[in-house]
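I set out these entries to record what I looked up in a single chain.

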Amino acid sequence: MELEDRIVSQFHNSMEINALTIEQHTPLIADAGELLLQCLVSEQKILCVGNGGSAALAQHFASLLLNRFRHERPGLPALALNDSAAMSGIGEETGFTEVYSKQIRALGQPGDILLLISTHGRANSLVQAIQAAHDRDMMVIALSGGDGGNMAALLLPDEIEICIPGGEDALIHGAHLLVLHCLCDLIEYQLFGG
């Protein structure tokens, strides 16, 4: 019974984090969806970054926009900046801190959005990514956790941080995934209907 109790506990913890996220961030998620929609309608693109499990979520989100979420539709311009050749080359030459900022400075354009995902918000590579996005006149939407870390202080007043309460990375990743699916749904619904 101990194993089953652990499973039930994981699901209950996840439901609790998701309930807190709904209570605290539903308007922010809607605002983020609106920013992403305006970016796409203006024929701009979304650049997605994250480290570790958050990098996998960034790739997942970009692939859902490029391909489809619920329905067949034209692809939308989104790119996850975690190509292994680019990252290893930049990392070897200038250090891991610049793996995203260098790509953002090369690919980012004014009006693009940087979607940044981190469970803690303390990675120097992500701090540098925000600064690079601002240098390129891009908006930032940050999905974070805990206290938001160093990233939160860098965000401009009109930018959005959706900070998931709690400290366990696995639970924060789960909530981030649900937020990303909500954003995909909002974009598809507004662009292509239900």
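**Entry 1: Glu 159**

I began with Glu 159, which lies in the loop between α6 (151-154) and β5. Helices (H or I, at least four residues) and strands (E, at least two) are DSSP runs, numbered from the N terminus. The model is predicted: local features need pLDDT of at least 70, side-chain atom pairs count only at pLDDT 80 or more, and totals for chains, interfaces and linings use all residues. Residues are numbered from 1 along each chain as its sequence is written, and side-chain values use heavy atoms, with hydrogens and water left out.

Is Glu 159 buried or exposed? I found that Glu 159 counts as buried because its relative accessibility is 9%. The classes are buried under 20% relative accessible area, exposed over 50%, and partly exposed in between (1.4 Å probe, protein chains only).

I then listed what Glu 159 touches, not counting residues up to four places away in sequence: His 134, Met 138, Met 139, Val 140 and Leu 154. Contact here means heavy atoms within 4.5 Å. I also noted that Glu 159 and Ile 113 are 10.0 Å apart in space, C-alpha to C-alpha, and 46 residues apart in sequence.

**Entry 2**

I followed the chain into strand β5 (residues 160-164), where 4 of the 5 residues are buried. Strand β5 pairs with strand β4 (residues 139-145) in the parallel sense over 5 bridges. Two strands are taken to pair if DSSP finds at least two bridges between them. Within this pairing, Ile 141 stands opposite Ile 160 in β5.

How many residues of β4 are buried? I counted 6 of the 7, so β4 is largely enclosed by the rest of the structure. Strand β4 also pairs with strand β3 (residues 113-117), again in the parallel sense and over 5 bridges. Leu 115 has Ile 141 in β4 as its bridge partner.

**Entry 3: Ser 54**

I turned to Ser 54, which is placed in helix α2 (residues 53-66). Ser 54 counts as buried because its relative accessibility is 2%. Leaving aside neighbours within four places in sequence, I found Ser 54 in contact with Ile 117, Ser 118, Thr 119 and His 173.

**Entry 4: Leu 186**

Leu 186 is found in helix α7 (residues 169-192). At 26% relative accessibility, I recorded Leu 186 as partly exposed. Not counting residues up to four places away in sequence, Leu 186 touches Ile 29, Ala 30 and Gly 33. The C-alpha atoms of Leu 186 and Glu 34 are separated by 8.0 Å, although the two residues are 152 residues apart along the chain.

**Entry 5: the whole chain**

I counted 7 helices and 5 strands in the chain. From the N terminus on, the order is α-β-α-β-α-α-β-α-β-α-β-α. Buried residues make up 42% of the 194 residues. Of the contacts with a separation of 6 or more, 70% are between residues 24 or more positions apart.

I checked the dimensions last. The C-alpha trace spans about 55 × 40 × 30 Å along its principal axes.
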